[in-house]
Amino acid sequence: MAEKIRWNFNKFVGQRSPAEMLIYGFALVIFLGTILLTLPIASVSGESAGLIDALFTATSAVCVTGLVVVDTGTFWSVFGKFVIIFLIQIGGLGFMSLTTMFFVLAGKRITIKDRLLIQSSVNMDSISGIVKFTKYIFFSSLLIEGIGALLLALVFIPEYGFLQGTAYSFFHAISAFCNAGFDLFGNYSSLTKYAGNFIINFVIGGLVILGGLGFAVTSDLINVRKFEKMSMHAKLVLTVTGVLLIVGFVFFFIFEYNNPQTMGSLSLPEKFLAAFFQSITPRTAGYNTINTAALTPPSLFLTMLFMFIGASPGSTGGGVKTSTFAIIIMTVASVLHGKKDVSIFKRSILGPAIRRAISVIVIAFAIVILMIFVLLCTEPEASFETIVFEVLSAFGMVGLTTGLTPHLSIAGKIAISITMFVGRLGPLTVAYAISRSEKRARENVGNFKLPEGNIMIG
């Protein structure tokens, strides 16, 4: 019987593409997390959270989003919080990375199929050296999270005592590095009480940035160090990330400087700190040190744009990714300048990369528009601006909200759960599937080419 089950399982796996296996894998983790969070032991009250709220929370944790329908700090018990942080760690590093490490430690041989799954999970171009890279992901993540926890403990242990302070330090270090945005401070307050705390802002902000750069980029930072010798991908990601951080800092500082509900009452150093953190957090972090619902309209618009762009490929963050956004901008710039090729850092960007970037952007827009329409139907009392912000936050795996999440209807919770799931897997999986399709097309078509046609544009 056991042998038959194993044979059927292997047959099922063998017939599935890596993209499909990623979807099934994440769905399975969410399902198991949902079951655990529905248990009475998972809540402080001893009563079940209910299927929908448990499903929403598990999805938000595995998809490292941070949107919550119940207050994490006060609703969930120690067991429930442990389940949530465990789901965040799986979702942030990828279940295939953790599974691979388990197989390596157990002495199991990593097959080609396993390597293809890992490649899809961590968004790499090749399976060469993939197991070694997975080890780097695992151990570097533990090291960074450990250092972050030690630094956070300088604040949390004096404030909450040794046991609770230590637990808070590790929880928020993991949540920040995985770009999840879950917090334990209660009353949906996030980090607002630490708006002027330099240690909290720089440690949480630093963890978010490191997690959002992508493991390939951090590997280049460690091994190569000199910018001019880094890979083109690392150069592009670091450049775009730096530009977005600076632009965000400047505009948030200007737009919120006199806003009495956000930065108006802060001292000048605290305003600089709040603007710096606000430029980081929309890029899939989910933490906030100022009231998101009270942001000025220009700041809300900029936040929504940053949420859509998101972090970088192969990272713990979401969105359409910085490199995708950069390729689209550079493609448009090359067209406006009458250039045939798209290039950066004295290197041409290949056509397949441009097509994948355009596909990811278009598909992302389609998903966002569809989910906005769905929520307009399920949440008739919410404003259009609030719904757009909520959908972009869910799709970009950000976790920021203007206050709509706890008041979502059952249908709205299901819609946002689907949006988070698609946001976690959609662009990455679609990009991988397209790249595989292009490879097959090149292999099958050979030199055959259809007659050209002309279509008027613009």
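Biologist: Where does Met397 lie?

Modeller: Met397 lies in the loop between α17 (384-395) and α18 (410-445). Helices (H or I, at least four residues) and strands (E, at least two) are DSSP runs, numbered from the N terminus. This is a predicted model, in which local features need pLDDT of at least 70 and side-chain atom pairs count only at pLDDT 80 or more, while totals for chains, interfaces and linings use all residues. Residues are numbered from 1 along each chain as its sequence is written, and side-chain values use heavy atoms, with hydrogens and water left out.

Biologist: Why is Met397 called buried?

Modeller: Buried means under 20% relative accessible area, exposed over 50%, and partly exposed in between (1.4 Å probe, protein chains only). Met397 has a relative accessible area of 1%, so it is buried. Its phi is near 55 degrees, a positive value in a residue other than glycine.

Biologist: What makes Thr284 count as buried?

Modeller: Its relative accessibility is 0%, so Thr284 counts as buried. Thr284 is in the loop between α13 (268-280) and α14 (297-309). Thr284 is not a glycine, yet it has a positive phi of about 85 degrees.

Biologist: How many helices and strands does the chain have, and what share of the chain is buried?

Modeller: There are 18 helices and two strands. Of the 458 residues in the chain, 52% are buried.

Biologist: Why are α3 and α5 called oblique to each other?

Modeller: Axes are lines fitted to C-alpha atoms, for helices over the stretch in contact, and angles run from 0 to 180 degrees between N-to-C directions. Angles under 35 degrees count as roughly parallel, over 145 as roughly antiparallel, 65 to 115 as roughly perpendicular and the rest as oblique. Helix α3 (residues 51-62) and helix α5 (residues 78-93) pack at about 40 degrees, with axes 7 Å apart. The pair is therefore oblique. Contact means heavy atoms within 4.5 Å; on the α3 side Thr57, Ala58, Ala61 and Val62 meet Ile84, Leu87, Ile88 and Gly91 of α5. These residues divide into six nonpolar, two polar and no charged. Here Ala, Val, Leu, Ile, Met, Phe, Trp, Tyr, Cys and Pro count as nonpolar, Asp, Glu, Lys and Arg as charged, and the others, Gly among them, as polar.

Biologist: Why does Ser43 count as buried, and which backbone atom does its side chain reach?

Modeller: Ser43 has 5% relative accessibility, so it counts as buried. Its side chain reaches the backbone nitrogen of Gly46 at 3.2 Å. Ser43 sits in the loop between α2 (18-38) and α3. Leaving aside neighbours within four places in sequence, Ser43 is in contact with Phe75, Trp76 and Ser77.

Biologist: How do you know that Ser60 is buried?

Modeller: Its relative accessible area is 0%, so Ser60 is buried. Ser60 is placed in helix α3.

Key
A polar contact is a pair of N or O atoms within 3.5 Å; within protein, one must be able to donate a hydrogen and the other to accept it, and residues adjacent in sequence count only if both atoms are side-chain atoms.
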